[in-house]
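This report looks at the pockets of one model and at the ligand held by the protein. Please view the sequence and the structure together before reading on.

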Amino acid sequence: MKIVEAKNYEDLSKKAAALISAQVILKPNAVIGLATGSTPIGTYEQLVELYKKGYVDFSNARTVNLDEYCGLSPENDQSYRYFMNEKLLNHINIKMENTFLPDGMAKDFDKECKRYDELIDNLGGMDIQLLGIGHNGHIAFNEPSNTFPAYTNISKLGESTIEANARFFDSPSDVPTAALTVGMKAIMQAKKVLLLANGMDKKHIIEKSLYGEITPNVPASILQLHPDLTVITCFK
Ligand code: PGA
């Protein structure tokens with residue numbers, strides 16, 4: 001495990017973008033696992049900058065997102081497809097057909113979970129997986145529970161997650177209560193994992209996840225077992 005302490009949020013974002021760009025430079029058709037939430041927004045801004053300056057070419061890259069809310073269409077401005085297009089994908093030269101998220105509008109969610117795992121397998125898994133972390137230790141939308149879910153699953157969002165995500169919605173009751181999320185297999189089989197934590201409020205859960213007991217009650221603790229984990233932190 002490598003831990004990099006960033007000076008501030010901009011520094012964290014620049015470092016994360018540099019590592020993702022390096023991956024695409026070394027392997028132009030890299031499969032990049034992407035995350036949503038507030039933490040990676042700066043990373044996406046930096047990636048757009050690096051692309052505009054000509055340092056990185058995404059024309060052969062593929063992206064796979066971790067999760068999507070159940071019941072939100074790509075046109076809904078709270079959906080993760082909308083977020084990804086707005087923050088990154090519309091601003092770089094990636095081919096949209098090479099960008100993937102679970103389908104929050106699927107008629108049969110069980111089938112959709114299976115399809116998503118097959119899609120990831122067919123792409124050969126992620127070369128690099130970007131992750132944020134929830135205050136309860138969730139990664140993607142895998143909430144604390146008694147087992148580590150291996151496969152893409154339908155996650156019932158915990159109260160603290162709904163509360164945290166309510167800031168993006170008009171009212172807390174608008175926050176969807178379920179999401180489709182990749183499981184631990186896709187995350188742990190990523191060749192590299194890049195975990196970002198920004199803010200003093202993430203310090204406790206990062207310490208618990210990286211140095212505490214490995215337990216599904218703290219889903220991110222499984223990352224202790226990943227052979228190539230980089231954590232970039234800014235606790236301010
Ligand atoms: P945040 O969310 O980046 O908005 O803090 C992280 C997460 O819930 O994974």
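Helix α5 (residues 159–165) gives the most to the lining of the largest pocket, contributing four residues; helices here are DSSP runs of H or I with at least four residues, numbered from the N terminus. The model is a predicted one, in which local features need pLDDT of at least 70 and side-chain atom pairs count only at pLDDT 80 or more, while totals for chains, interfaces and linings use all residues. Residues are numbered from 1 along each chain as its sequence is written, and side-chain values use heavy atoms, with hydrogens and water left out.

**Two pockets**

A pocket is an open set of points on a 1 Å grid over the protein atoms alone, where a 1.4 Å probe fits and protein lies on both sides within 12 Å along at least five of seven lines; its lining residues have an atom within 4 Å of a point. The largest pocket is lined by 28 residues, and Gly37, Ile133, Gly134, His138 and Lys202 lie nearest its centre. Its lining comprises eleven nonpolar, 13 polar and four charged residues, where Gly is counted among the polar residues and Tyr among the nonpolar ones.

The second largest pocket takes the largest share of its lining, five residues, from helix α3 (residues 80–87). Among the residues that line this second pocket are Gly37, Tyr69, Asp77, Phe168 and Phe169, and by class the lining has six nonpolar, three polar and three charged residues.

The volumes below are the space filled by probe spheres set on the points, with grid points joined across faces, edges and corners.

| Pocket | Volume |
|---|---|
| Largest pocket | about 510 Å³ |
| Second largest pocket | about 200 Å³ |

**The ligand**

The ligand sits in the largest pocket, in the sense that more than half of its atoms lie within 2 Å of the grid points. Around the ligand are Gly37, Ser38, Thr39, Gly132, Ile133, Gly134, His138, Arg167 and Lys202, each with a heavy atom within 4 Å of it. This shell divides into one nonpolar, six polar and two charged residues.

A polar side-chain atom of Ser38 lies 2.8 Å from an oxygen atom of the ligand, a polar side-chain atom of Arg167 is 2.8 Å from a ligand oxygen atom, and for Lys202 the corresponding distance is 2.6 Å. Taken alone, the ligand exposes 280 Å², of which the protein buries 85%, with accessible areas computed by the Shrake-Rupley method using a 1.4 Å probe.

Technical notes: Helices (H or I, at least four residues) and strands (E, at least two) are DSSP runs, numbered from the N terminus. A polar contact is a pair of N or O atoms within 3.5 Å; within protein, one must be able to donate a hydrogen and the other to accept it, and residues adjacent in sequence count only if both atoms are side-chain atoms.
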